[in-house]
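Open the model in your viewer and keep the selection tool ready. We will go stop by stop.

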Amino acid sequence: MPLNNKDSELNITRQLNVAEQIHNQTIAQTCLTIILFLFGLYTIRAFVPALIWGVIFAIACWPLYMKAKKHWPYQKLGFILPLIFSCIITFLFIFPLTIIAVEATKDIQTAFAWVMHASHDGVPPPQWLHNIPFAKDYILNWWNDNLTDPQSASDLFANLHLSRGVYVTQRIGAQLFHRGLLFLFTIITLFFLFKDGESVIQQCLRGSRRLFGKQGENIATQMISSVHGTVSGLVLVGLGQGIILGIVYALAGIPHAALFGIVTAIAAMIPFCPLIAITAVAFTALLKVSSIAAITVVVIGCIVIFIADHFIRPALIGGSTKLPFIWVLIGILGGLETWGMLGLFIGPALMAALMMLWCSWTAKKKGLS
């Protein structure tokens, strides 16, 4: 019996040592994982926005992609359908940007020609300056003093800092190159998410269940629904507003109606911004077309914005996120200020997750009041 007790004590001691060793190894593995994760995140920090945008695009297009995949006849060529979807999304971004670039190039060429003409011959005040409702006399006097006479115009343009203009051009070129590179990596990320998305989803679900249990999966589902609702409520509704108002601009005879429609659509994706675009278009209509066209743009624009912001968006976003629209709006604006354009999607997703945790925490449980 004493020997048996001694053996039992040794076994217990060995088990305790093994348990302590496993505990220490778990702590060390956790620390190593966190350190490697932080170093990895720091290494790819410049491309994190591209990865997040790729995930957002993949989440937004995933239901449509899965429907297309069910009817796709060439299942063995697994890379063709992801490539097609990636190309379509690329075209949806490149097409409006191409229109903006073409129009901007034309305007820049016109501006340079106008500057050369003003420097050699002078430019009398255009007729639309007489339609300005305020400060008309001051602007006309300034124009006559500086642009009507060729010598005055030449002196005015000579005083402009060309070196500053070159610096600004270089900065714009560098930013365009950087944004283009990020967009390229976004599309590459999107392609691989489409291609390997189902296995990635399964891995994420297994990891979430191991770390957080069923609650983690529910939170992830709610955040994904929030992204879907935000895409529908912001992007699709914004595009709809841009198309409708672009048609109104064209019917009103406003120059560059397509360009203004695209700008309005982009502005309509951000709360309170479409009014700025409509005001600019109305001011252009007042100067170049007529006061009736300007009033028409303002009235129809306000009606479209009112319907979209008070009926369509709350139903699309609030219904998907299960959030009061005030919290959706706070999430959008707060995310926009904190994360930039990414915040349009990150903000509502975070608000939806926090609301779900709050409801779970405050829910009545059996035996508790």
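pLDDT is the predictor's confidence in each residue, from 0 to 100. This is a predicted model, so start by colouring by that score. The protein averages a pLDDT of 79, and 86% of the residues score at least 70. Select helix α5, residues 150–158: confidence is lowest there, at a mean of 69. Now jump to α2, where confidence is highest, at 87. Where pLDDT is low, the predicted coordinates should not be read in detail.

Next, the core. Select Val227, Ile332 and Leu344: they have the most contacts inside the largest nonpolar core, which has 16 residues. Show α2 (48–70), α7 (214–251), α11 (325–339) and α12 (343–362), the elements that each give two or more residues to this core. The biggest share, five residues, comes from α12. Zoom in on Val227. Leaving aside residues up to four places away in sequence, it touches Ile56, Ile59 and Ala349. Then move to a second, separate core of 15 residues, with Ala252, Ile254, Ala293 and Ala294 among them.

Now the rings. The model has twelve aromatic pairs. Select Trp53 and Phe345: their ring centres are 5.7 Å apart and their planes stand at 80°, so the pair is edge-to-face. Trp53 lies in α2 and Phe345 in α12, so the pair ties together parts 292 residues apart in sequence. Phe345 is buried, at 7% relative accessible area.

Is Phe311 buried or exposed? Phe311 is exposed, at 51% relative accessible area. Phe306 is partly exposed, at 45%.

Last stop: Arg45 lies over the face of Tyr42, 4.1 Å from the ring centre.

Note on methods
Residues numbered from 1 in each chain as written. Predicted model: local features only at pLDDT ≥ 70, side-chain atom pairs only at ≥ 80, totals over all residues. Heavy atoms only, no water. Core = buried A, V, L, I, M, F, W, Y, C linked by side-chain atoms within 4.5 Å. Buried < 20%, exposed > 50% of the residue type's maximum accessible area, 1.4 Å probe, protein only. Helix = DSSP H or I, 4+ residues; strand = E, 2+ residues; numbered from the N terminus. Contact = heavy atoms within 4.5 Å. Phe/Tyr/Trp six-rings, centres within 6.5 Å; stacked < 30°, edge-to-face > 60°. Lys NZ or Arg CZ within 6 Å of the ring centre and 35° of its normal.
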